[in-house]
Amino acid sequence: MDRAGRPTVPRVPIGASPVIGDSNPGKDRVAFASAATTGFSRSQGEVTPASLAVDACIAAMKDAGVGAGDVNGLVGANPQYIQSALGIAHLTYWNGPGIPFVSAIANAMNAVYTGAADVVLAYHSLYRNPMFSRSAANDPFRAMDFGFAGSGMSAQGGGDGFGPDTIAGAVGYTAWASRYLYEYNASRETFGYIAINDRSNAARNPAAALRDPITMDDYLDARMIRSPLCLLDMDVPVDGADAFIVTTAERARDMALPPVLIHACTQGMIAQNEEDQTPSLRNHGQHVVVESLKKKSDIWIDDIDVYFPYDGFSFITVSWIENSGWCGLGDARAFIEDNWDTATGRMMIDGRVPVNPHGGALSEGGTQGSGHTREAIHQLQGRAADRQVPGASKALITAGGFFFNAQGCVLRRDD
Amino acid sequence: MIDDAELLARYRGVRLDHTNKEFYRGLLERELRLSRCADCGWWHHRPKPICPRCWSKAIVATPVSGRGTVHLVMFLYQGPPADGVDYDAGPHPVVTVELPEQEGLRFTSTIVDSNNDDIAIGKAVELTWIERDGRPFPVFRLARLQ
């Protein structure tokens, strides 16, 4: 105890710290193939952080003898903009790490070692801040831009001068939902089933925010927010948190609960990742995720016991169901109806695989995927209480949307 | 020609930079200019410092015809406040329009002088201009010939 009576942390010599281990399985496994620079000066002219970044990226690629088609990982600020600018067709990994740059090195090394990406382009640009540079302060086009490696339009109401008249940001899903209804001659009931399924499942989850069952009439009568999507198509804002311990499989086996192994994990993004420039319902980030997971994973949809498609908007779930191959494009409604358990008001694929059994983002709460991940782990640990899928050993999570956050993960019990 | 000082003054609070400034300068001059590569002819939007296809830096803000076809549509029953937008008067339409200059090249804005019931994917539209926040703002209207 210190003099104020508070407990003090025991001093452990750093060399003896049990949390600083010597594990380094990636040793000598990852290398730099090139390094390039734009050079540095106090007068680069009419540049932006992004224009400098792409100049350096092109030089590094040319030095290494690789093209945009060889790169599938990006590490640096605003990777979605840099991908789009460089026309890098497909990414399976990206991250915008903190500074200094060793964060980026560690990030790229981890990505390559794990196979998350084969060729990572890592970059970092510096831009004189008008706060600290007289010459920068004399360039008025720098004033709004410091620290933002992108250019152009931003999310709805986000300071690009377009106010509500954009589909950038979350509203983009509403706009593409209109395209889905148009191209497949579908109706809003398709989305309604997703909302009903989540709510029926949430009834068995004491952690869920919304647990009162809803009907299709409730869905169709719900307040319209952004047509064609209504209040019940959109995830529910909540307070709360999820947390996870991640370690090696070996160490996890010595801990208190059964390990859940990360069998495969990927991200997915395409070059035209701006919401209104995305090529089509058949060509966006989800398709990269599906192709990447199918290549990395020994486990696919026929093998799993429980399925977690993201549902920040109901339409995203419909898209994941179709794009993952559970049914044909535009066939989600028929597929859901064929696999609907009328007694419980929810999907049971082939009579045995529930979909977001915790209630998902639409009913448990808008957890941005952490709820889906937690429930998948609980199911595979046999700790899902009333929601437990008997003998669940394999789970698929397909998270995120179309543009800059599609992701997928296969989890398995440690059998 | 709108000079830099006027451009910055009239877009105070908007994130202008060296890459997007010609797009915004075009708006003040009532011309919708999108990024086009002077070397390979490829259009792109939103503005970027290089051509995503050939990596040329010769990007020129180039006027588009303003004709197009509604590709995506939504109606906002609520949304961020904006000059001239009254959600209580009825849902506010937002359309993404496919432009004829290049497959997949699109521009998003609102649509004016139309009943919402007439606005649908596939409809032909043309560019027009309104005033918003004291600046010209590019919008669409339904074309007379559908």
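Me: Which strands of chain B make up the open sheet of three strands, and in what order do they stand?
Reply: Happy to start there, and please keep in mind that this is a predicted model. The three strands of this open sheet in chain B pair in the antiparallel sense. Their order is β2-β1-β3.

Me: And which strands of that sheet stand at the edges?
Reply: Look for strands that have a single partner strand. Such a strand has one side left without a neighbour in the sheet, because its single partner takes up the other. In chain B, the edge strands are β2 (43-44) and β3 (59-63).

Me: How many bridges pair β1 with β3 in chain B, and which residue is the bridge partner of Arg33(B)?
Reply: Strands of a sheet pair through backbone hydrogen bonds, either parallel or antiparallel. In β3(B), the partner of Arg33(B) is Pro63(B).

Me: Zooming out, how many helices and strands does chain B have?
Reply: Read the elements from the N terminus on and you get α-α-β-β-β-β-β-β-β-β. That gives two helices and eight strands.

Me: Why can chain B be called as compact as a globular protein of its length?
Reply: The C-alpha trace of chain B spans about 45 × 35 × 25 Å along its principal axes. For 146 residues the globule rule gives 15 Å, and chain B comes close to that, so it is as compact as a globular protein of that length. Its radius of gyration is 16 Å.

Me: What is the radius of gyration of chain A, and how does it stand against the globule rule?
Reply: Chain A holds 13 helices and 13 strands. Its 415 residues would give 22 Å by the globule rule, and the value for the chain is close to this, so chain A is as compact as a globular protein of that length. The radius of gyration of chain A is 24 Å.

Me: What share of the residues counts as buried in each chain?
Reply: A residue counts as buried if 20 or more other C-beta atoms lie within 10 Å of its own. Among the 146 residues of chain B, the buried share is 39%. Among the 415 residues of chain A, the buried share is 47%.

Me: What do the buried residues of helix α1 in chain A pack against?
Reply: Helix α1 covers residues 49-64 and reaches 23 Å from its first C-alpha to its last, close to the 22 Å expected. Its buried residues include Leu52(A), Val54(A), Cys57(A) and Met61(A). They pack against α2 (79-86) and β4 (120-122) of chain A.

Me: Which residues does Cys57(A) contact, leaving aside its neighbours within four places in sequence?
Reply: Cys57(A) belongs to the largest nonpolar core, which has 116 residues, and is one of those with the most contacts inside it. The largest share of this core, seven residues, comes from α1(A). Beyond its sequence neighbours, Cys57(A) touches Ile82(A), Leu86(A), Leu121(A) and Tyr123(A).

Me: Now for the place where the chains meet: which element supplies the largest share of the side of chain A that touches chain B?
Reply: The contact takes 46 residues from chain A and 42 residues from chain B. On the chain A side, α1, α2, α5 (172-183) and β5 (224-227) each supply at least two residues. The largest share is six residues, and it comes from α5(A).

Me: Last one: which residues have a positive phi in the hairpins around β10(A)?
Reply: Strand β9 (residues 340-341) and strand β10 (residues 346-349) of chain A pair antiparallel over two bridges, and their hairpin has four residues between the strands, with Gly345(A) at a phi near 65°. Two bridges also join β10(A) to strand β11 (residues 353-354), in a hairpin with three residues between the strands and a phi of about 55° at Asp350(A). The residues asked for are Gly345(A) and Asp350(A).

Definitions and conventions
Residues numbered from 1 in each chain as written. Chains lettered and ligands numbered in written order. Predicted model: local features only at pLDDT ≥ 70, side-chain atom pairs only at ≥ 80, totals over all residues. Rg over C-alpha atoms; globule rule 2.2 N^0.38 Å. Buried ≥ 20, exposed ≤ 12 C-beta atoms within 10 Å, placed from the backbone. Expected span 1.5 Å × (residues − 1). Contact = placed C-beta atoms within 7 Å. Core = buried A, V, L, I, M, F, W, Y, C linked by C-beta atoms within 7 Å. Pairing = 2+ DSSP bridges.
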